[in-house]
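Here's a friendly walk through a protein structure, in questions and answers. Have a look first, then read on.

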Amino acid sequence: MQRAVDNVLAVTKESVKTFTYESLNNIVRLINGISAMLLAILPGKASILEGIHGWELRPTLRGPRLPRWMENGVSSFNQFIHELSVDSDTSSSVDYSSDGEDSDNYPGTPLSQSSRLSRESSFSKLNRSWIYWIGCIISWILFPVKFLFGIPLYLFTLVSHTASKAFARPGNLHSSTAHSPRRRQTLKDHFVQRATDRRRGVVEDLHLATEISIEYAFDVVHKAAYCLLAPADTIRRLFGWFSSQNNSEEDIPSEGFVTSVSTSVLSDNDPTPLERRTTFHNSLNTDARTCQDVITELGYPYEAIHVVTADGYVLLLERIPRRDSRKVVYLQHGILDSSMGWVSNGVVGSPAFAAFDQGYDVFLGNFRGLVSREHVDKNISSRQYWNYSINEHGTEDIPAMIEKIHEIKVSELKSNQSDAEEEITTEQPYKICAICHSLGGAGILMYVITRRIAEKPHRLSRMILLSPAGFHHDSSFMFTSVEYLFLFLAPALAPFVPAFYIPTRFFRMLLNKLARDFHNLPAVGGLVQTLMSYVVGGDSSNWVGVLGLPHYNMNDMPGVAFRVALHLAQMKRAKKFIMFDYGSAAANMEAYGCPEAFDLGEYYGFIDVPVDLVAGIKDKVIKPSMVRKHYKVMKDGGADVSYSEFEYAHLDFTFSNREELLSYVMSRLLLVGAPPKQAVVRPKSLKLKRRDTHTSREKLNE
């Protein structure tokens, strides 16, 4: 009797799993198919999606595909449907080989080799075209029913999954298949997947939660049936359980209650090591790798240096150290980015690794502006932390990091090469080149000019600027519309919106998981890529791929301060590379010594180091005409400047593996010379001062 009940429960459980699995699959396929149809009618997608493969996936009619954990099946009907789906998938695998949802989108274990061979031999005689169309008809006839029943079942599984965490204990009864070879193989594959794939998407989480909930529900039913069919054994187990509870209470020491956490060890009964319990946030399976993780996993040395700016912000200066090298590279990221951008392409395509391999001591700078709000004042409010503009990037962040690099290099070179005292006694025994992208380019230009005006050494020997910000008046209609709207709403938004970022951990986690789904569902990813490209003026950068970078995780992410966005809008409206306009002649006079915002372009002649400007022909965020504007103004000022163009979009300079760009950057690094003798007379009309941080904040709030 008990065996019959077990068989009935096993068949029912597998049927429910199949039903729910297919319901979720059909919903996902429907979303992917609708996305593909919408993508087909959107204009301009050919240029936007160039180089991003898989988006052209069209919706396909397929037979039901059962989960891979049903490798042996439980009934002849389920086996027939399973084999039917395998056959139909094989017939369409040539045209849709890029469909990730059938291969690696959902967790499970591979089919055994014997079951694959048996299916191939049993169905080789059937007419595959007939089987394919029969499967399509059955699948789409049952789709409405599956969809209607899937919604309440999904809600039930969410509640059951929450309750299962409180119910599950090491002493509970286990199913008869807990230690089967298939279970061990599943666990092994889970460890392999965990080592190679660090994230699950929302769709994968739904599948996993559904399967766990169904397993738990049927486990409860199985135990209840077992108790009814074997009452004597149940009474014996309950008596033993109460006895063990009484004994454990007597063993508790008088000092207090001490909890013990059971751990899994290798034993003769079950040699399979079980996975250690983790915290809730770890179980969410989001990719929260840092730049340190990427660098060290690839076998490179790493050093983290915390730098405190003059106004109290704590910055992270990361390093791939060559302590005895006299060649230094400083890389500075752009807006909504971090040092991760310089190492995100791995060993072959990342500028940071390429420079290190060529013998350079590599420093990766990080601007202020993380959601974690690192500051010496631990109680600083959100409004106070985000109260900065691009001015602070160029006059506070970069000077602090460059001076820290100088301090480190001078100390290390003196200690490592004490026998060459005649070389080390110079003020700067090394050469440093700055490679900056986008907003980092504007910051480094501001840094050099303001340091020259203040008659302080900037210590740079060369600057390589990849699509630098500063001039923005030649932009798309979308950017122009956003500029006018933002400047119009800025007075009303300023008291309520200190910065632009994702404020809660849940939504940051959701973004991280959706990025995985965009990769697994190519039509959805292509649609999101196209829509995001429309927002940024048609730039064809891989925006969806950038969202998947681990610095956008549930714990932290780079944000954009309100005043940084306002500063960019001011530059676009003024058609000049200006410092922040504080809104009044008195405030500007206090900051710059003149009633208007300080125009940096007028002082490009102060740049006394070679500058290499690089523009992207496909860049719609900072168009090549704006980079040529930098070139023209520098040339007119007498600066040593070069200009180059590549077939790149805005993010291709950091997030794409571009061999020609790396070759160009490495060739310019070879031209780095000694830092110049810096001596300049400050203009009488200019009085650039460091404003007191709290005073400027109070004036802005007024």
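Q: Which residues of α8 are buried?
A: They are Val 203, Glu 204, His 207, Ala 209, Thr 210, Glu 211, Ser 213, Ile 214, Phe 218, Lys 223 and Tyr 226. Buried means under 20% relative accessible area, while over 50% is exposed and in between is partly exposed (1.4 Å probe, protein chains only). Keep in mind that this is a predicted model, where local features need pLDDT of at least 70, side-chain atom pairs count only at pLDDT 80 or more, and totals for chains, interfaces and linings use all residues. Residues are numbered from 1 along each chain as its sequence is written, and side-chain values use heavy atoms, leaving out hydrogens and water.

Q: Why are α19 and α20 called roughly perpendicular?
A: Their axes cross at roughly 115° and come within 5 Å. Axes are lines fitted to C-alpha atoms, for helices over the stretch in contact, with angles from 0 to 180 degrees between N-to-C directions. Under 35 degrees is roughly parallel, over 145 roughly antiparallel, 65 to 115 roughly perpendicular, and the rest oblique. So α19 and α20 count as roughly perpendicular.

Q: Which residues of α19 and α20 meet?
A: Contact means heavy atoms within 4.5 Å. Phe 518, His 519 and Asn 520 in α19 touch Pro 522, Val 524, Gly 525 and Val 528 in α20.

Q: What makes α15 roughly perpendicular to α22?
A: These two helices pack at about 105°, with axes 8 Å apart. That angle makes α15 and α22 roughly perpendicular. Here Ile 390, Asn 391 and His 393 of α15 meet Val 564, His 567, Leu 568 and Met 571 of α22.

Q: Why is Cys 433 too far from Cys 436 for a bond?
A: A disulfide is a pair of cysteine sulfur atoms within 2.5 Å. The closest cysteine sulfur to that of Cys 433 is in Cys 436, 8.5 Å away, so that is too far. The structure holds zero disulfides.

Note on methods:
Helices (H or I, at least four residues) and strands (E, at least two) are DSSP runs, numbered from the N terminus.
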